Amino acid sequence: MNDLLSHGYNLSECFGLTWPQRAKKVTTMNSSTESYQRVAAYKGYKNGFADFYGYQIEAITGYTKEELKSIKWIDLIYDEDKASAREAFVKALKGNKVYVREYRVRTKHGGLVWVREFSEIILNELGDVDYVVGALMDVTEEKKQEEIRKRHARFTGKYLIFKTSESIFGLSIDTVKEVIIAMPVTPMPETPNFVEGVINLRGKVIPVISLGKILGIEEVVSSENSCIIIAEVKIQEDQTIVGIHVDEVMGVLYLRGEEIEDVPGILYQHCANYALGIAKTDRGLVVILTVEKLLGSDLTGLSKILKFRL
């Protein structure tokens with residue numbers, strides 16, 4: 001409700017008005033706002049159908065108000081959102097009969113839009129539901145911006161920056177346990193070709209993978225700068241430790257989420273298996289990795305190594 005107030009909407013003014021008065025009030029509100037904040041007033045019936053006032057609903061769903069006379073509104077609600085939408089209605093019915101709920105709606109052209117619904121349940125003289133009146137607000141753009149903010153917050157943080165061949169990569173510091181100087185590896189039979197073998201780190205057997213091999217670039221050759229990144233990874237619902245052999249660790253870098261861009265569409269099918277995004281830094285482009293994506297379906301192939309003890 002605060003969001004509506006901040007944009008000049010006060011739907012509380014509509015509660016208590018007759019259906020025509022309410023619809024006229026919402027239409028007046030709608031005419032003074034930006035196009036993406038579209039609001040459609042409606043009256044809903046027990047049989048699942050609804051009447052819409054004005055033509056705003058067509059801008060939201062692609063359906064005319066005449067077409068919607070023969071379509072049950074519940075049938076347009078995205079399946080995953082139906083349960084929560086019904087829950088909000090039932091809660092209001094047991095309470096003050098007023099509710100606000102958000103859900104996605106399928107448009108006439110096959111897309112999805114987010115709507116925020118502000119409604120009031122009207123009872124008849126017997127105390128049964130007679131009809132529902134309210135307004136639907138298109139909040140698709142708001143939801144997109146919310147997802148962007150969440151993405152930025154999720155990606156903001158410290159990253160371990162390292163190099164393999166001539167490429168620079170980053171891994172969230174939260175998944176990194178430690179970095180050690182490259183050490184001799186014991187080969188293991190019947191493992192994926194990118195698995196170099198295992199090491200014994202303070203009594204723990206840890207599988208080591210070659211970042212170069214798994215990415216299909218130049219194989220890592222041990223040198224005085226070579227390191228093994230000890231990282232935590234989820235294998236079959238269990239958290240375990242994996243070593244990632246890289247050419248050189250360059251340090252730790254703090255990145256803001258907005259600095260990490262999505263992988264370009266033309267590269268997505270090639271990079272989706274290992275990259276979360278790409279960051280532009282003063283050290284050059286940094287490909288942000290995730291260990292689970294990096295190992296992909298071969299995670300199960302590593303599980304047999306974990307049963308081995310030196």
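Which residue in β4 is the bridge partner of R104? The bridge partner of R104 in β4 is W114. The model is a predicted one, in which local features need pLDDT of at least 70 and side-chain atom pairs count only at pLDDT 80 or more, while totals for chains, interfaces and linings use all residues. Residues are numbered from 1 along each chain as its sequence is written, and side-chain values use heavy atoms, with hydrogens and water left out.

**Overall make-up**

- The chain's secondary structure comes to 9 helices and 16 strands; helices (H or I, at least four residues) and strands (E, at least two) are DSSP runs numbered from the N terminus.
- Of the 310 residues in the chain, 45% are buried; buried means under 20% relative accessible area, exposed over 50%, and partly exposed in between (1.4 Å probe, protein chains only).
- Contact means heavy atoms within 4.5 Å, and among contacts between residues at least 6 apart in sequence, 53% join residues at least 24 apart.

**Strands and sheets**

- Strands β3 and β4 run antiparallel and are joined by 9 bridges; two strands pair if DSSP finds at least two bridges between them.
- The hairpin of β3 and β4 has 5 residues between the strands, and G110 there takes a positive phi near 95°.
- F169 stands opposite V287 in β16.

**Salt bridges**

- There are 18 salt bridges, each being a side-chain nitrogen of Lys or Arg within 4 Å of a carboxyl oxygen of Asp or Glu.
- E117 forms a salt bridge with R101, with the closest N and O atoms 2.8 Å apart.
- Because E117 lies in strand β4 (residues 112-123) and R101 in strand β3 (residues 98-106), the pair ties together parts that are 16 residues apart in sequence.
- Both ends of this pair are buried: E117 has a relative accessible area of 1%, and R101 has one of 14%.
- K280 and E261 meet through their side chains in a salt bridge at 3.5 Å, N to O.
- That pair links distant parts of the chain, with K280 in strand β15 (residues 275-281) and E261 in strand β14 (residues 260-261), 19 residues apart.
- K280 counts as exposed at 56% relative accessibility, whereas E261 counts as partly exposed at 40%.
- R256 and E259 also meet in a salt bridge, at 3.8 Å, N to O.
- R256 is partly exposed at 39% relative accessibility, and E259 is partly exposed at 25%.
- A network of salt bridges links E102, R116, E142, K143, E146, E147 and K150.

**Nonpolar cores**

- The largest nonpolar core holds 26 residues, of which F162, L171, I209, L211, I244, L289 and L294 touch the most other members.
- A nonpolar core is a set of buried Ala, Val, Leu, Ile, Met, Phe, Trp, Tyr and Cys residues joined through side-chain atoms within 4.5 Å.
- Two or more residues of this core come from each of β6 (157-164), β7, α6 (211-215), β11 (227-235), β12 (238-246), β16 and α8 (291-295).
- β11 supplies the largest share of this core, 4 residues.
- Leaving aside neighbours within four places in sequence, L289 is in contact with F162, F169, G170, L171, L211, Y274, L276 and L294.
- Another core lies apart from the largest one and has 22 residues, among them I60, W73, V105 and V129.

**Largest pocket**

- The largest pocket has a volume of about 560 Å³.
- On a 1 Å grid over the protein atoms alone, a pocket is an open set of points where a 1.4 Å probe fits, with protein on both sides within 12 Å along at least five of seven lines; lining residues have an atom within 4 Å of a point.
- Grid points are joined across faces, edges and corners, and a volume is the space filled by probe spheres set on the points.
- Of the 26 residues that line the largest pocket, the closest to its centre are Y45, G48, I74, F89 and R101.
- Elements giving two or more residues to this lining are β1 (39-45), β2 (50-53), α4 (79-94), β3 and β5 (129-138).
- α4 gives the most to the lining, with 6 residues.
- R101, one of the residues closest to the pocket centre, is also the salt-bridge partner of E117.
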